[in-house]
Amino acid sequence: MVLHPLHKLKEASVEDVLIVTGREHAGDMIELLGSGEEFGVNLTYRIQERASGIAHALGLAKGFARDSRMLVILGDNVFSDTLSEYVRRYEQQPKGAKVLLASVSDPSRFGVPVLSGNRIVGIEEKPKQPKSPYAVAGIYMYDDGLFDIIAGLRPSGRGELEITDVNNAYLADGALTFDVLQGWWTDAGTHASLFAANQFAQNVSYSDWDDFKPSRRTAQ
C-alpha cells in the first residue's frame, strides 16, 4: 500500500519524500522502492527503532525537512482525492498546520474533531461519544514549528508521542485549519477497512504517472 501514498505525493508535485519505517520492514521497503528514480521521486529513509508513536516518527524528519513545510501521509491511508488544491490552500496560510477530515461511519475509532462553524475547537482521541461524524484522516501539513512542538511532548499512557497532541498544540496557538476530503477514504486499521483499502487501491488508475510500474519490483 505504500505505492498509493507515494503516488498521491507525486500527484501533488512533491518529489523529495522521506519514508519512515521500522527496522523489520526497511529491507523490503528499499527492495521495493529503491531510490525512487523509477517513480520520479527522490526517496530518503529513516528507521524508527521502536513503536514510539506517529509524532516521534515525524521528529525523525527534522534534518530532512530543512525548515520547509511538509505534507505527511500515513502509509495505511487510501483515498481518491488529489491533494494539490488542499496544499495550495495551506500554502496561503502564514503559518501553522492543516489537517484533512473524512466523513466516517465509525468516528469513535479515530481522532475526532470538535467543530464550531469553520473552526476546529478541539480534537478528541477515540471518544466514546463523538461530537462530529468526522475522523482526522492521516493526511497532515505542517510548518517547521512542528519540531519544537514534538520536543515538548510527553509520552501518552501507552508510551508514545501522539499526533493528536501535536495537532492540539497547533490548535492552542490558533494555527490549525482543516479541509474535508470530498472523495473516498479509508485506513487499514481493521480487517474490514484493510480489505476495502486493498480493493480500492487495485481499482485506482495511475495512468497519469508514466513511471508508475508496480509490477517491476516485488518485495521479498
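Buried means under 20% relative accessible area, exposed means over 50%, and partly exposed lies in between (1.4 Å probe, protein chains only). Helices (H or I, at least four residues) and strands (E, at least two) are DSSP runs, numbered from the N terminus. This is a predicted model, in which local features need pLDDT of at least 70 and side-chain atom pairs count only at pLDDT 80 or more, while totals for chains, interfaces and linings use all residues. Residues are numbered from 1 along each chain as its sequence is written, and side-chain values use heavy atoms, with hydrogens and water left out.

**View 1. The buried side of helix H2.** Helix H2 spans residues 23-33, and its buried residues are Ala26, Met29, Leu32 and Leu33. They lie on the same side of H2, because they cover an arc of only 140° around the axis. The arc is that of the directions from the helix axis to the C-beta atoms. An α-helix has 3.6 residues a turn, so residues three or four places apart point the same way. The cover over these buried residues includes helix H1 (3-11), strand E1 (16-22) and strand E2 (42-48). Just after H2 comes Gly34, with a positive phi of about 60°.

View 2. Strands E6 (residues 111-116) and E7 (residues 119-125) run antiparallel, joined by six bridges. Two strands pair if DSSP finds at least two bridges between them. Val112 has Glu124 in E7 as its bridge partner. Two residues lie between the strands, and Gly117 takes a positive phi near 65°.

**View 3. Two nonpolar cores.** A nonpolar core is a set of buried Ala, Val, Leu, Ile, Met, Phe, Trp, Tyr and Cys residues joined through side-chain atoms within 4.5 Å. The largest has 30 residues; Val99, Tyr140, Tyr142, Leu146, Val166, Tyr170 and Leu176 touch the most other members. Apart from it lies another core of 29 residues, including Leu6, Leu32, Val41 and Phe110.

**View 4. Rings together.** Rings of Phe, Tyr and Trp (its six-membered ring) pair if their centres lie within 6.5 Å; planes under 30 degrees apart count as stacked, over 60 as edge-to-face and the rest as tilted. The structure holds three aromatic pairs. In one of them, Tyr140 and Tyr142 are stacked, 5.9 Å centre to centre with 20° between the planes. Tyr140 counts as buried at 4% relative accessibility, and Tyr142 counts as buried at 0%. Ring pairs link Tyr140, Tyr142 and Tyr170 into a cluster.

Notes:
Contact means heavy atoms within 4.5 Å.
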